[in-house]
Amino acid sequence: MNGDRKSDSSVVPKTTANEDRDNNRLEESDEGRELTKGNSAKHNRGRTQSREDLQNGLDRIRKAAQGDGKLQFTTLWHHVANVDRLRQTYFDTKRTAAPGVDGTTWQEYGTNLEANLEDLSDRLHRGAYRAKPVLRVYIPKPDGRQRPLGIPALEDKIVQSSTKEVLNAVYETEFLGFSYGFRPGRGQHDALDALHVGISTRKVGWVLDADIRGFFDAIDHEWLVKFLEHRIQDKRVIRHVRKWLNAGVLEDEEWRRQSEGTPQGGSISPLLANIYLHYVLDLWGNQWRKRNAKGDMLIVRYADDFVVGFQYREEAERFLRELRERLAQFNLELHPDKTRLIEFGRFAASNRKKRGEGKPETFNFLGFTHFCGKTRKGKFKVGRRTIGKRQSSKLKQLRVEMRKRMHWPNHEIGIWLTRVLQGYYRYYAVPGNYQALEQFRMAIKRMWRTMIRRRSQKAKIIWERMDELAKRWLPQPKILHPYPSERFAVRTRGRSPVR
């Protein structure tokens, strides 16, 4: 990091003194308590003005980060510890979430909100804030196994969310375009669109479907801090990140320290994970493409799940070998069962047919099985359907939930199932996946009929009656997402998705 420019502020240096005075006035005022005594119009104006001030601060940070890629931020913490920002993140926190180790709920904290936030801000400024262990609980999975779930204390959620918001202003200017996971304004379908368009329009013949084994539990703390320090030189930010990393886990009333991994359930964990992979994978992969790839190459990453497309097999094999070595340097490894190099793309089917081999293999990514298909005119297309195991798992879960509702009136069950199907369609209703959606709906219809018949030995229901219930309460599948090429073109507006 020699030669990197250090900033005495999170914005242009000449505004440092004024910004600090403005923030101190905000932190020392009792504006929040005064607003609660005023009328609602004054309260709304104050809340709106506060949000505008907070956003302006983030905009200045973002502008400084964009203007100088080597700028190191030395005073960001006052943005995090600002009472107005803490209040905003409190209201953005899920209100029905389970309490952490301190047992404090969202509602209990809010009964004396302004005093609690003033105290929290004061402790953050004085360095008296202490991160609490994450409460670990287990929830059953459809296959009978237990999935660990981390529940941070409420104040930890608030401070982590505030920190994440400030750090996002820095790192969203730096993250590469093919990174989609847990980023503002980006989602799973954006990654799916990019992958679909990339394979359809480029000379991709081989696909590396990769997954990092236990990634969130394997992140090396020291490497993570080093990566942060490339841009963040505010020691208070680094110190608090270390507090969350070292807070440990409380399970069965026994505390255990975690020397690796990010805080479970913490709102800042996805950002820390993205920062880690930005330096370990994204920058390296983008550089590898520029230096070594002779043919077309594309990368799409969502968290620790990523797909890399290649034109030539030898380049794909070389990339895979060097990728394993690269990850090993940072305490990571590819999952042996979930990482595969397969022949896939526009010419895969014809090439395999010439060699007397079967159809091209498929690969899974973000809930969909991708396969080599054809349009009605015989042209190549990337086909997508719901992963079979994912659909079966969802149906098993619904079967358990339906047993709990065995004696509910039909109209109440119908309302619930309507919401279930609508939520399912919102994600899986992509072009070409209609048949899988209809199979899912029919399976629910059969499950509902079986449940009604089991309510009583005398209960009988013929299919005509079941058809009436299904027509009323089980919405027919409808493709909700546009074709990937259409949405991707609107999103990128002709620009490369990789900066």
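1. Helices (H or I, at least four residues) and strands (E, at least two) are DSSP runs, numbered from the N terminus.

2. A word on the basis of these remarks: this is a predicted model, in which local features need pLDDT of at least 70 and side-chain atom pairs count only at pLDDT 80 or more, while totals for chains, interfaces and linings use all residues. Residues are numbered from 1 along each chain as its sequence is written, and side-chain values use heavy atoms, with hydrogens and water left out.

3. A search of the whole structure finds 27 salt bridges, and one of them joins Glu317 to Arg313, with the closest N and O atoms 2.9 Å apart. Because Glu317 and Arg313 are 4 residues apart in helix α14 (residues 313–328), about one helical turn separates them. Glu317 counts as partly exposed because its relative accessibility is 31%, and Arg313 is likewise counted as partly exposed, at 43%.

4. Helix α14 also holds Ala316, which is buried, with a relative accessible area of 0%. Ala316 and Leu208 are 108 residues apart in sequence, yet their C-alpha atoms are 7.3 Å apart in space. Leu208 is itself part of strand β5 (residues 206–211), and a relative accessible area of 0% places Leu208 among the buried residues.

5. The side chain of Glu343 meets that of Arg352 in a salt bridge of 3.5 Å, taken from N to O, and both Glu343 and Arg352 are buried. This pair belongs to a network of salt bridges that links Glu343, Arg352, Arg355 and Glu357.

6. Two further buried residues deserve a remark. Glu251 sits in strand β6 (residues 249–251) and is buried, with a relative accessible area of 17%; its side chain makes a polar contact of 2.9 Å with the side chain of Tyr138. A polar contact is a pair of N or O atoms within 3.5 Å; within protein, one must be able to donate a hydrogen and the other to accept it, and residues adjacent in sequence count only if both atoms are side-chain atoms. Tyr427, in helix α17 (residues 410–428), is buried with a relative accessible area of 17%, and its C-alpha atom is separated by 8.6 Å from that of Leu480, 53 residues apart along the chain.

7. Which residues gather in a patch of positive charge on the surface? They are Lys396, Arg399, Arg403 and Arg454, and helix α16 (residues 388–404) gives the most to the positive patch, with 3 residues. Arg454 has its place in helix α18 (residues 434–454) and counts as exposed because its relative accessibility is 61%. Patches are made of residues with over 30% relative accessible area and no salt bridge, with like charges joined within 9 Å and nonpolar side chains (Val, Leu, Ile, Met, Phe, Trp, Tyr) within 5 Å.

8. The backbone calls for a look at two loop residues. Phe182 has a positive phi of about 55° although it is not a glycine; Phe182 lies in the loop between α8 and α9 (188–201) and is partly exposed, with a relative accessible area of 44%. Asn331, also not a glycine, has a positive phi of about 70°; its place is in the loop between α14 and β10 (340–343), and a relative accessible area of 35% makes Asn331 partly exposed.

How values were computed: Accessible areas come from the Shrake-Rupley method with a 1.4 Å probe; for residues, only the protein chains shown count as cover. A salt bridge is a side-chain nitrogen of Lys or Arg within 4 Å of a carboxyl oxygen of Asp or Glu. Lys and Arg count as positive and Asp and Glu as negative; His and the chain ends are not counted. The place of a charge is taken as NZ of Lys, CZ of Arg, CG of Asp or CD of Glu. Buried means under 20% relative accessible area, exposed over 50%, partly exposed in between (1.4 Å probe, protein chains only).
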